[in-house]
Amino acid sequence: MAGEKTGPTAVVPFRQFVLKVHSRCNLACTYCYIYAGPDRSWRARPPTVPAATMRQTALRIAEHARTHRLREVRIDLHGGEPLLTGPGPLLAQAAAVRAALPAGCTAAFGVQTNGTLLTRDMIDTLAAAGFRLGLSLDGGTPGLNRRRIDHAGRPSWPAVSRAVRLLHDRPEVFAGILCTIDITAGPAEVYDSLRALDPPMVDFLLPHANWTSPPPAPLGPAGRTPYGDWLCTAFDLWWDGGPGPRVRVFTEILGLLLGRPSSSEAVGLSPVVALVVDTDGAIEQVDSLKSTYEGAAATGLDVFHHTFDDALAHPGMAARRSGRDGLGAQCRGCALVEVCGGGNYAHRYRADAGGFTNPSVYCADLERLIRHIAARLNATVALN
């Protein structure tokens with residue numbers, strides 16, 4: 001792409017900008033790694049992003065696009081819960097970015113929401129401004145969403161189910177569903193219930209955990225791969241089930257097995273192309289790092305005093321952009337490294353040994369899933 005260098009010193013610019021418009025949430029999900037995790041930096045930040053920070057962030061995005069001759073950028077408005085602001089600040093942020101971008105560069109806008117505040121009018125307003133909306137759900141039934149409760153302990157499902165129905169009628173706006181895996185819920189129940197909602201995309205997310213704060217201990221003998229087994233069952237349902245949503249983790253692995261680059265931090269070795277700007281203008285690494293320790297996502301940079309090229313040079317960003325060279329010896333020597341990529345960076349953390357240079361805490365689960373998908377793919381190719 002124009003504006004990028006080639007060779008070992010290649011500079012891959014940021015193309016995705018996650019902008020926090022509200023730093024609080026109206027839900028208190030029991031597994032939330034932001035508000036129930038080790039990083040409490042959200043407490044010191046303004047609940048809503050000030051207009052001046054919006055404008056300065058837009059100028060920094062435009063500056064980065066101009067420097068690297070980008071033709072398109074992706075802007076994701078997040079929180080907390082971004083819809084706590086109402087649609088006004090979201091529209092203002094989009095307008096500021098569009099006004100600042102250089103000629104020849106366009107922006108695609110998205111909002112990731114828990115869905116509880118969505119109304120038909122809000123969807124119409126955001127759709128008219130070119131937004132696409134993604135939902136966070138744990139499944140398509142009240143029982144599967146029992147962990148997604150508000151601060152008074154009330155279930156979020158009644159409001160979310162209404163949002164799903166509204167978005168189903170607006171397929172051009174509905175971006176898809178993010179679903180964090182709960183292995184106490186059966187994969188068939190979860191997948192079938194989500195498929196029944198008819199989303200264009202589903203992404204199954206491993207719970208943010210690491211060697212210091214491991215995932216819930218599975219029952220059964222050592223060496224068991226509960227998350228890998230769960231995902232293998234879900235994959236078979238998806239692979240054999242005919243038309244249904246695109247499941248991102250599966251299509252990413254299939255693409256990598258076929259030699260394509262990844263577009264997700266969950267697998268593969270492609271450089272990270274996303275950064276976060278919080279409500280106070282702080283430039284940060286991805287939120288998943290906040291599941292490891294206090295300040296793990298911080299860079300010490302902000303949009304008022306630093307460019308996004310400064311962020312490219314930050315040691316933490318560089319470590320996450322170094323591909324195979326940033327992995328530990330065990331991962332570099334693994335036959336699956338090109339596909340697995342060491343897994344999600346945050347899942348490699350171990351406080352007492354190696355920091356982020358360990359294999360993923362889900363290493364065995366990822367191997368189980370990748371080998372299963374490869375076997376299914378090979379069998380399909382052999383039959384044809």
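**View 1. Phe204, Trp230, Phe235, Trp238, Trp239 and Phe250 make up one aromatic cluster.** The model is predicted, so local features need pLDDT of at least 70 and side-chain atom pairs count only at pLDDT 80 or more, whereas totals for chains, interfaces and linings use all residues. Residues are numbered from 1 along each chain as its sequence is written, and side-chain values use heavy atoms, with hydrogens and water left out. Rings of Phe, Tyr and Trp (its six-membered ring) pair if their centres lie within 6.5 Å; planes under 30 degrees apart are stacked, over 60 edge-to-face, and the rest tilted.

**View 2. Phe204 and Trp230 form an edge-to-face aromatic pair.** Their ring centres are 5.3 Å apart, with 80 degrees between the planes. Phe204 belongs to strand E6 (residues 201–205) and Trp230 to helix H6 (residues 226–240), so the contact ties together parts 26 residues apart in sequence. Helices (H or I, at least four residues) and strands (E, at least two) are DSSP runs, numbered from the N terminus. Phe204 is buried, at 4% relative accessibility, and Trp230 is buried at 5% (buried: under 20% relative accessible area; exposed: over 50%; partly exposed: in between; 1.4 Å probe, protein chains only).

**View 3. Trp238 and Trp239 form a tilted aromatic pair.** Trp238 is buried at 15% relative accessibility, while Trp239 is partly exposed, with a relative accessible area of 27%.

**View 4. Arg321 lies over the face of Phe14.** The distance from the ring centre is 5.3 Å. A charge sits over a ring if NZ of Lys or CZ of Arg is within 6 Å of the ring centre and within 35 degrees of the ring normal.
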